[in-house]
Amino acid sequence: MSWLLLLPSVAVFALFIFWPLGRTLYLSTHGNDIFGAPGAYVGLDHYADMFSASFAGILATTALFTLISVLPAVLGALLVVLLLESRIRGVRVLRTAFALPFAFSVATASVVFAVIYNPAIGIANGLLGAVGVDRVDWLTDPSIALPAVGAATVWMNLGYNVLVLSAGVAAIPQEVVEAARLDGATGWRLATGITIPLLSPQLFFLVVVSTIHALQSFGQIHILTKGGPDDATSTLVYSIYERAFAYGSSDFGAASAQAVVLLLIMLACTAVQFGILERRVHYR
């Protein structure tokens with residue numbers, strides 16, 4: 001009888017996880033015609049094709065994008081939450097303002113940043129011009145485009161991170177905080193000795209989840225730069241899209257092989273994070 005209760009969940013998993021995964025593995029070992037239909041078995045040829053300088057560049061771009069979008073978003077949210085816990089006026093208004101980005105969809109936020117980065121009317125160049133700095137081509141300069149997209153991603157994720165950490169701070173027993181203050185712990189000492197260690201479960205959760213989200217990021221890249229300029233913002237997910245769908249392409253075999261590699265990278269990153277970071281997590 002218990003197995004019957006599990007059947008709906010098993011059916012959902014089979015339909016939306018196991019079947020797509022199995023189909024991806026199948027396509028990654030087969031060629032395809034111009035319409036994308038599976039063709040002859042090619043073994044590991046699609047995986048062998050990845051040992052190239054271009055694919056290494058895609059992996060490097062993906063790693064750099066993940067780094068510049070995860071760490072600032074998590075550390076920035078932590079700093080914001082610590083500041084909001086200070087006894088200052090209007091803290092509720094500030095908390096709402098910092099959590100507001102969570103209400104924006106990726107598409108909406110990307111369009112907003114496309115306007116901000118506009119070289120002619122954007123507020124970014126307007127602020128730089130006000131202090132005497134020359135105009136910056138935020139989305140068309142290969143050396144700046146990736147950090148610009150990363151900054152937009154940080155803003156998009158900041159609200160969610162602030163909400164999670166604020167909930168973690170609210171769950172800290174007040175008697176622990178008051179005892180620390182009676183012992184003379186205030187400011188930075190209180191934050192590093194009490195607040196941050198007790199927030200380690202939330203911080204660990206955000207690092208893991210943010211890393212997975214960064215590796216899967218697509219919408220902001222597509223809207224802001226379309227992988228350019230000169231593939232400077234072409235991450236692994238965007239490369240999969242280009243191989244499978246963009247510009248009339250239907251190379252589903254190569255795209256599926258890259259999707260398998262992306263899955264392995266996410267599993268490896270998660271395993272490393274659990275193996276290293278979780279040891280420092282304090283579960284109260």
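In the hairpin of strands S1 and S2, Gly36 takes a positive phi near 90°. Five residues lie between the two strands. This is a predicted model, where local features need pLDDT of at least 70, side-chain atom pairs count only at pLDDT 80 or more, and totals for chains, interfaces and linings use all residues. Residues are numbered from 1 along each chain as its sequence is written, and side-chain values use heavy atoms, with hydrogens and water left out.

**Hairpin**
- S1 covers residues 30–32 and S2 covers residues 38–41. Strands (E, at least two residues) and helices (H or I, at least four) are DSSP runs, numbered from the N terminus.
- The two strands pair in the antiparallel sense over two bridges. Pairing requires that DSSP finds at least two bridges between the strands.
- His30 stands opposite Tyr41 in S2.

**Transmembrane regions**
- An unreviewed UniProt entry places the feature "transmembrane region" at residues 51–84, 96–117, 144–172, 193–215 and 255–277. Such annotations may be inferred rather than shown by experiment.
- Residues 51–84 are 94% helix and 0% strand, with the end C-alpha atoms 48 Å apart.
- Residues 193–215 are 96% helix and 0% strand, with the end C-alpha atoms 32 Å apart.

**Nonpolar cores**
- A nonpolar core is a set of buried Ala, Val, Leu, Ile, Met, Phe, Trp, Tyr and Cys residues joined through side-chain atoms within 4.5 Å.
- The largest core has 19 residues, and Val74, Leu78, Val162, Leu165 and Leu203 touch the most other members.
- Helix H3 (53–84), helix H7 (145–170) and H10 each supply at least two residues of this core. H3 gives the largest share, eight residues.
- Beyond its neighbours within four places in sequence, Val74 is in contact (heavy atoms within 4.5 Å) with Asn161, Leu165, Leu203, Leu206, Val207 and Ser210.
- Another core, of 16 residues, lies apart from the largest one and includes Phe113, Val136, Val149 and Met156.

**Aromatic pairs**
- Rings of Phe, Tyr and Trp (its six-membered ring) pair if their centres lie within 6.5 Å; planes under 30 degrees apart count as stacked, over 60 as edge-to-face and the rest as tilted.
- By this rule there are 11 aromatic pairs.
- Phe218 and Tyr238 form a stacked pair, 5.5 Å centre to centre with 25° between the planes.
- This pair links distant parts of the chain, 20 residues apart. Phe218 sits in the loop between helix H10 (200–215) and helix H11 (219–224), while Tyr238 is in helix H12 (residues 236–244).
- Phe218 counts as partly exposed because its relative accessibility is 26%. Tyr238, at 1%, counts as buried. Buried means under 20% relative accessible area, exposed over 50%, and partly exposed in between (1.4 Å probe, protein chains only).
- Ring pairs also join Phe104, Phe113, Tyr117, Trp138 and Trp155 into a cluster.
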